[in-house]
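Work through the exercises below with the sequence and the model open beside you. Try each task before reading its solution.

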Amino acid sequence: LCPIGVSSDGAPHRVFPHVICRYQRGVPDSYEDVGAVLSSRLTDLRASTPFQSLTFENFEIQLLSILFDQDFVSALRQLRISIDNHQNPEEPPEPEKLVSLLAETPQLSGLRLLALNAPGENLRLLADSPHLQSLEHLILEEFDLLPKSLEELSQSSLAKQLTTLEISSRWMTDDHVKALVKGDWPRLHTLKLWGRISLSALEIVAEHDGMPLLASLSLMSRFQAPKQIPLIDPRPNWSLRRLALCEFHPGTDGIAALASSPILSELHTLELWHNEITTKGFSSLAKSDYLRNLQHLEIVDDDLKGGQMKELTQGDLLRQLTTFNLAAGTNPLPCTFREGAQLIEAMNLDSIRHLKLSGIPLGARGANVLANQSWIRKLRLFELKWGRILDDGVETLFNALNHNQLAYLSLIEPRLSEEMKKWIREQPVGYPVNIH
């Protein structure tokens, strides 16, 4: 059960309690016996804690059929199902049976399905199901889909009501993305696609006028994509607020082209994960005329170097950020301790509220430089990981960060002594502290 969450400003807030049920293959009990025990537990739990979110992990259709006869199912708002496809290859799960079970969940607003057999048929049945009138969030993981299946989904009534769509498929290509945008998605706000797509998928979505409310787009390529990106002129009503790109390896010219594209003009959030950005790429981002509205920047890459990261300090990009996450690899070190301190000193983070630094060697000098920055006293959330800071540096940082604005602090430093960890944990602060 997870009844409490943490909001973006570090303050706690209530969320729906979530229950996870995992099924171990090979147990000798019958489906009826397992179903009876689990149904009893969930019914009792529902009486004391009215959960509305439930995960069935590694389940079989026969067992789900027993559980879906229980009263607690009708109150579910969120449901995640992963099917055991290896129980008996001669008897694959029946997609009709799974979809018919969803008739027992009339209030369902979020559905996540993982690794189902006959995925094309499943998708068609889902799209045509009369039992999903309240569904707004659909996540399909490890689905081996044909472009035709996505085209049928895009032209279904389900496409008209979804606000979130996430699809992960090892075989997804740009042709799948073209099929997905053939229909209209008038309410779609968030789109996430993982597969063998290239950055041309960004152009395909940007030119499509059937997603007028699209504000968040995440694209991930599991295989190295072509090292180029087209110059994109998005549709007139394009208003993307968040863009996340992962593992595209676009090269120097690709990032430069992206930084010069009006597709970024309305962005509030840009996340770049493992894209092997070069020095010129960082420079292009720092000086881009289309990132003037950016407030949240996240760059994670195992191959970052000190000179590359310092290019980000050129121009006014960092000055306008309220959230900045910079994560480098630790083997080999991205830069020397001196370069790490110089990087911190060059950062102009006048508007910063949330700062996360990972893998950047600071040492005692870097810790002192960080502690003396005027903007550090504006932070509400600060996370430092693998900065190679010892006890003295951490104590200096802690004293500088211990102010009324701070709502959350995380320090993960393997070389800290147990005495220092204990000292920090015993300090009378009014915010959560994670120290390891």
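Predicted model: local features only at pLDDT ≥ 70, side-chain atom pairs only at ≥ 80, totals over all residues.

Residues are numbered from 1 along each chain as its sequence is written, and side-chain values use heavy atoms, with hydrogens and water left out.

**Exercise 1. Strand E8**

Task: Find how strand E8 (residues 164–168) is covered, and which way its residues point.

Solution. 
- Step 1. Helices (H or I, at least four residues) and strands (E, at least two) are DSSP runs, numbered from the N terminus. Buried means under 20% relative accessible area, exposed over 50%, and partly exposed in between (1.4 Å probe, protein chains only).
- Step 2. Count. Five of the five residues of E8 are buried, and the strand is mostly covered.
- Step 3. Recall the rule. In a regular strand the side chains alternate between the two faces of the sheet.
- Step 4. Sort the residues. Thr164, Glu166 and Ser168 point one way, while Leu165 and Ile167 point the other way.

**Exercise 2. The neighbours of E8**

Task: Name the strands that pair with E8, and say in which sense they run.

Solution. 
- Step 1. Two strands pair if DSSP finds at least two bridges between them.
- Step 2. Take strand E7 (residues 137–141). E7 and E8 share four bridges in the parallel sense. Here His137 has Thr164 as its bridge partner in E8.
- Step 3. Take strand E9 (residues 190–195). Five bridges join E9 to E8, and these strands run parallel. Ile167 stands opposite Leu193 in E9.
- Step 4. Follow the chain. From E8 the path goes through helix H7 (residues 174–180) to E9, a right-handed β-α-β crossover. Right-handed means that, with the strands pointing away from the viewer, the path from the first strand over the helix to the second runs clockwise.

**Exercise 3. Ser218**

Task: Is Ser218 buried or exposed, and which side chain does the side chain of Ser218 join in a polar contact?

Solution. 
- Step 1. Locate the residue. Ser218 is in strand E10 (residues 216–221).
- Step 2. Check accessibility. Ser218 counts as buried because its relative accessibility is 7%.
- Step 3. Look for a polar contact (a pair of N or O atoms within 3.5 Å; within protein, one must be able to donate a hydrogen and the other to accept it, and residues adjacent in sequence count only if both atoms are side-chain atoms). The side chains of Ser218 and Arg242 make one of 2.8 Å.
- Step 4. List the contacts (heavy atoms within 4.5 Å). Leaving aside neighbours within four places in sequence, Ser218 touches Leu191, Lys192, Leu193, Arg242 and Ala244.

**Exercise 4. Strands E12, E13 and E14**

Task: Trace the chain through strands E12 (269–273), E13 (residues 296–301) and E14 (residues 323–328).

Solution. 
- Step 1. Start with E12 and E13. They pair in the parallel sense over five bridges. Leu272 has Ile299 as its bridge partner in E13.
- Step 2. E12, H10 and E13 make a right-handed β-α-β unit. H10 is largely enclosed by the rest of the structure because six of its eight residues are buried. Among them are Phe282 and Leu285.
- Step 3. Go on to E14. Six bridges join E13 to E14, and the two run parallel. His296 stands opposite Thr323 in E14.
- Step 4. E13, helix H11 (residues 306–311) and E14 make a right-handed β-α-β unit.
- Step 5. Check the cover of E13. Five of its six residues are buried.

**Exercise 5. Two helix pairs**

Task: Describe how H12 packs with H13, and how H14 lies to H15.

Solution. 
- Step 1. Axes are lines fitted to C-alpha atoms, for helices over the stretch in contact, and angles run from 0 to 180 degrees between N-to-C directions. Angles under 35 degrees count as roughly parallel, over 145 as roughly antiparallel, 65 to 115 as roughly perpendicular and the rest as oblique.
- Step 2. Read the first pair. Helix H12 (residues 337–346) and helix H13 (residues 363–371) pack at about 5 degrees, with axes 8 Å apart. They are therefore roughly parallel. The contact includes Phe337 and Ile344 of H12 and Val369 and Leu370 of H13.
- Step 3. Read the second pair. The axes of helix H14 (residues 391–401) and helix H15 (residues 418–425) come within 10 Å and cross at roughly 10 degrees. H14 is therefore roughly parallel to H15. Phe398 of H14 and Trp423 of H15 are among the residues in contact.
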